[in-house]
Every structure is written in structure tokens, then in C-alpha cells.
Amino acid sequence: MRAEAQQYIDRIDAALDLLRRFLDWDRALRRLDELNARVEDPTLWDDAKKAQEVMRERTRLDSAIGATRAIDSEKKDTAELIEMAEAEGDEEMIAEGVAGLKALAERADEDKVKALLAGEADGNDTYLEIHAGAGGTESQDWAEMLQRMYQRWAERRGYKVELVDYHGGEQAGIKSATLLIKGENAYGYAKTESGVHRLVRISPYDSSARRHTSFSSVWVYPVIDDNIDIEINESDLKIDTYRASGAGGQHINTTDSAVRITHVPTGIIVACQNQRSQHKNKAEAMNMLKARMYEAELQKREAAASAEHSAKSDIGWGHQIRSYVLQPYQMVKDLRTGVVSSSPDDVLDGALDPYMAAALSQKVTGEKVDVEDVD
């Protein structure tokens, strides 16, 4: 087997292995048999809600198992075709086979990521907060670069983005911003970005052109829907209003329409100022608060996420998940997964999918992938 073809086969096998591990393959096969039997039971629909849950689980398992089997079968057929072509010296058929394996490897990677987005809120829209760390203008400029990066990532995926809250820096950049990203699996993908992001560059604000290190944090939490019930006591809330502000003078009101809500027992603070009506801003802020409280509950359930939660309280050394180095060399490295890009400009322009896919995979394997270059 030619090296290029074997490379694609290895990539397909790795994706399929991860899918099987994630599904707990033998258990998934038994569970699908059980669900198929239940679907045949005419009494299932006596409880419509329960029946819908069964059908959703069956559809998800059947789709994942079917896709895994189909890719494995197609891989074997294509590999046999290439071996036959090599024996006959048919270069055209070999090239077609290798191209087929390449396309199959890409499909396997896509199916792998889709299967990993199985959390109860993964399919939901998401809020994404960015906060500048210590360092004044440097960190505030970096925070604004991150805001643009996530907006570009969302646009690449066809998602809609709204700027829900915004606090500009004194000279440049932002102190903080909250984005509302709307689209299928927006939270499932973006949740891997929570943590501290570190930038190393020659500062455009330093007259001596010295190299600076800046930190900003990102915090991601899902928009909750009607299927998730979060109870909040009004007596636990501290509600403040203030005058809205915006980048470059945009959305500036002459009334105190912006709303900040503090949930006193937990210390969670949310704010909204993108609507001109104080009533609408309060309603959106309440939605954000419910989302934050739900996300906090998810953190309790998932021990692996506890490190992310503690990282938010200290934006600096030792807590970063990713480093973006622009000088003296160019590299973006994820410190959790080992994924590296030598094109920071592409990453800062929203090319984040390889990092997100690797972080999702790591939740299953617990291993670094050590990909030297994702470009």
C-alpha cells in the first residue's frame, strides 16, 4: 500500500476508533437492539413524551452506528481496489482510490466531531464572554482581537452573532464583551474555548518596540431552552441600571437602559445593553443568568471542567489554554491538546475548528494529539 493511501487509512481508523470508544460500541449495539424492540411495541405511544425520547435516542444511535459501519466498509473496499490497481500497475485507478480515501478521511473526521456533540446543551446557541486581563491597553487590545476572532469563526460556520454587552478600553480595545452566537451546535463547539488565552507580540503601543505578553479570558455558556428548567428567586437578585455605551459611539442611549444583574448567592454577574428598552435588556440579562447558572451546574457534573472554572478567576500565567505567538516566531499552540498552527493570521481570522475538534476528542481519549501543523 502506498504511503499516502496508508496515511488516510490510519486517519480513518483513528476516527473510527474514537467513535467506537465514545459510543461504548458493544453497549451501543445492545442498546440499539433494545430501542428497536421498544419501537415495535404498540403501547409505546401511550406516553407521547417518553416515546419521543426513545425515538430521539434510537435515531441518534442508529445514525452513529450506521455511519461508522459505512465508513469502515467503504475504507476496506477502497483499500482492496488500490491493492488490485497496484498489482496491475493502473496508476489512474490508484489515484482515484487515494482521492477516495482522502474524501473518506474528511468525512470520518466530520462524523467524529458530530458524534462528540452529544451533550444535552451542545446543540444550543451560546453566549461567549471575553475579559481583558491585567496589563491595560495591551490586554484590552488583545481582548478585542479575540472578539473579532470568534465573530469570524461564527461567520465561517454560517452562525449569526449579536453583541449583547460591550465595555471599551480607555485608549484601545475592550475591557469586556459578550457575544450571542446562534446556530446548530454553537455551544457544543465553542465550549472548548473557555479558559485563558495568551498573546506574545511586539507591542504596537510600545515606542521601544519591546515584546509583550498579554492575557485575556474567554467564558462560554449555553443558551437554555424550554427543556431546561432553572429556578431563580427574585430575592436573590441585585439589579442595577446604567447608561449603555458602545464601540465608536454606537448604541449610546441617553437613558439608563442597560441592565446588570447579580445573583447574590453565587456571585454570578451578567449584563445586557444591546436593546434600547430597559425591559428588553432585563429579559435578555435574565436569560443570560439562567444560562450561567445552568452552565455552573454542568461544571459540577463534569469533574474535568473544574480546572476551566478555576482558571477564570486568575487571568495570567499557569492558567492559559492556548498561546498565540506573533514574535519572534509565528505559532499558535493549544496547551491542552498539542495542536499547533504556524499561521496565526489564519487562526485569528477564525480558523478554530481543528482546535475545537481536538479538544472534543480529548474528552474521550484523555490524550494529546500533538499535531504539529494544522494548516
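These are my notes from looking around a predicted model.

**Helix α2**

I started with helix α2, which runs over residues 25-39 and has 15 residues. From its first C-alpha to its last it reaches 21 Å, close to the 21 Å expected at 1.5 Å a residue.

Next I asked myself: which residues of α2 are buried? I found Trp 25, Ala 28, Leu 32 and Leu 35. They cover an arc of only 75° around the axis, so they sit on the same side of α2. I then looked at what covers these buried residues, and that includes α1 (3-23) and α3 (48-88). On the face turned away from the buried side, I noted the exposed residues Asp 26, Arg 30 and Asp 33.

**Nonpolar cores**

I moved on to the largest nonpolar core, which has 62 residues. Tyr 150, Trp 153, Leu 289 and Tyr 324 touch the most other members. Helix α7 (residues 278-301) gives the largest share of this core, eight residues. Another core, of 18 residues, lies apart from it; Ala 5, Ile 12, Leu 19 and Ala 108 are among them. A handy reminder for me: in soluble globular proteins, nonpolar side chains tend to be buried together.

I also zoomed in on Trp 153. Leaving out residues up to four places away in sequence, its contacts include Tyr 159, Ile 181, Tyr 189 and Met 356.

**A three-stranded sheet**

Last, I traced an open sheet with the order β6-β7-β8 and antiparallel pairing. Where are its edges? They are β6 (237-242) and β8 (268-272), each pairing on one side only. Neighbouring strands are turned by 15° against each other on average, direction ignored. I followed β6 along β7 (residues 258-263) and found six bridges. At one of them, Leu 237 has His 263 in β7 as its partner.

Definitions and conventions:
Residues are numbered from 1 along each chain as its sequence is written. This is a predicted model: local features need pLDDT of at least 70, side-chain atom pairs count only at pLDDT 80 or more; totals for chains, interfaces and linings use all residues. Side-chain values use heavy atoms; hydrogens and water are left out. Helices (H or I, at least four residues) and strands (E, at least two) are DSSP runs, numbered from the N terminus. The expected span of a helix is 1.5 Å times one less than its number of residues. Buried means under 20% relative accessible area, exposed over 50%, partly exposed in between (1.4 Å probe, protein chains only). The arc is that of the directions from the helix axis to the C-beta atoms. Contact means heavy atoms within 4.5 Å. A nonpolar core is a set of buried Ala, Val, Leu, Ile, Met, Phe, Trp, Tyr and Cys residues joined through side-chain atoms within 4.5 Å. Two strands pair if DSSP finds at least two bridges between them. Axes are lines fitted to C-alpha atoms, for helices over the stretch in contact, and angles run from 0 to 180 degrees between N-to-C directions.
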